[in-house]
Amino acid sequence: MNAAPVSRRARPAKAPLSREVVIETGLRILDTDGLAALTMRRVAQELDTGAASLYVYVAHRDDLMTGMLDHVLSTVATPTGRDWRQRLTALVENAIDALGRHEGLALHAFARIPATEHALGLIEQLLALLREGGLDPATATGALDLIHRHITAEAAERAAYNLAGGSEYITERFAELPAERYPTIVALRAQRPSSGDARARWALRALLNGIIATPVDAR
């Protein structure tokens with residue numbers, strides 16, 4: 001015997017759509033099923049609506065990614081206390097950690113001029129710290145470009161490592177290399193930092209040392 005159809009009035013009411021709801025749903029799909037699964041159709045299915053309904057809140061998939069990126073950047077903690085270099089290092093590490101948890105977001109950030117609320121907020125903090133450190137305006141803005149690339153590159157690598165099974169895969173791959181074909185790599189492989197965090201911290205320190213020693217107006 002077939003069950004009687006359920007009246008629309010008897011069904012649970014759907015949560016009202018908003019840009020925030022669409023973005024949070026997209027981020028959940030990204031983290032659960034990966035970047036390839038993130039489509040407007042899939043987001044619409046998760047929200048029990050038609051894809052056309054989403055375009056009221058996000059213009060297209062790229063806009064959805066931008067919104068997801070800004071949402072993640074809103075979670076980056078602002079360091080307090082200590083000197084400007086320590087706070088800048090902590091801020092950069094917090095940004096890398098936030099972006100590195102989500103596949104594709106760091107590459108999305110790398111390919112675009114930061115113009116959303118929380119992207120601009122991160123830039124404001126970085127520039128303020130660089131100016132606090134005594135950098136002149138031209139050098140501070142030039143340094144910002146390098147630090148932004150560092151953040152996105154490190155976060156993209158971290159996300160890729162997470163997909164590939166972590167740094168253990170790299171360690172195992174290097175351990176298999178034949179010394180007769182790659183003598184320098186094999187000789188130095190034990191010198192690789194024990195963690196990606198240590199390597200990223202050294203890279204930022206090297207960047208800052210070079211930036212401070214190389215003002216933009218240097219001849």
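These are my notebook entries on a predicted model of a protein.

I number residues from 1 along each chain as its sequence is written. In this predicted model, local features need pLDDT of at least 70, side-chain atom pairs count only at pLDDT 80 or more, and totals for chains, interfaces and linings use all residues, while side-chain values use heavy atoms, with hydrogens and water left out.

**Overall fold.** I looked up the elements and found 11 helices and 0 strands. Helices (H or I, at least four residues) and strands (E, at least two) are DSSP runs, numbered from the N terminus. I then checked burial: 33% of the 219 residues count as buried. Buried means under 20% relative accessible area, exposed over 50%, partly exposed in between (1.4 Å probe, protein chains only). The accessible surface comes to about 13,300 Å², and carbon and sulfur atoms hold 55% of that. The areas come from the Shrake-Rupley method with a 1.4 Å probe; for residues, only the protein chains shown count as cover. For contacts (heavy atoms within 4.5 Å), I took pairs at least 6 apart in sequence; 68% of these join residues at least 24 apart.

**Helix α1.** The 15 residues should span 21 Å, and the end C-alpha atoms are 21 Å apart, so the two agree. I listed the buried residues of α1: Val22, Ile23, Thr25, Gly26, Leu27, Ile29 and Leu30. An α-helix has 3.6 residues a turn, so residues three or four places apart point the same way. The buried residues of α1 pack against α2 (40-46), α3 (51-54), α4 and α6. Just after α1, Gly34 has a positive phi of about 95°.

**Second largest pocket.** I found about 230 Å³ of space in this pocket. Leu69, Leu73, Ala109, Pro114 and Ala119 are the closest to its centre among 18 lining residues. Two or more lining residues come from each of α4 (61-73), α5, α6 (105-110), α7 (117-132) and α8 (137-164). By class, I count 12 nonpolar, 5 polar and 1 charged residues in the lining. Ala, Val, Leu, Ile, Met, Phe, Trp, Tyr, Cys and Pro count as nonpolar, Asp, Glu, Lys and Arg as charged, and the others, Gly among them, as polar.

**Gln86.** I placed Gln86 in helix α5 (residues 84-100). Its relative accessible area is 38%, so Gln86 is partly exposed. I also checked Leu129, 43 residues apart from Gln86 along the chain: their C-alpha atoms are separated by 9.9 Å.

Technical notes:
1 Å grid on protein atoms, 1.4 Å probe; cavity = no way out; pocket = protein on both sides within 12 Å on 5 of 7 lines; lining within 4 Å. Points joined across faces, edges and corners; volume = space filled by probe spheres on them. Expected span 1.5 Å × (residues − 1).
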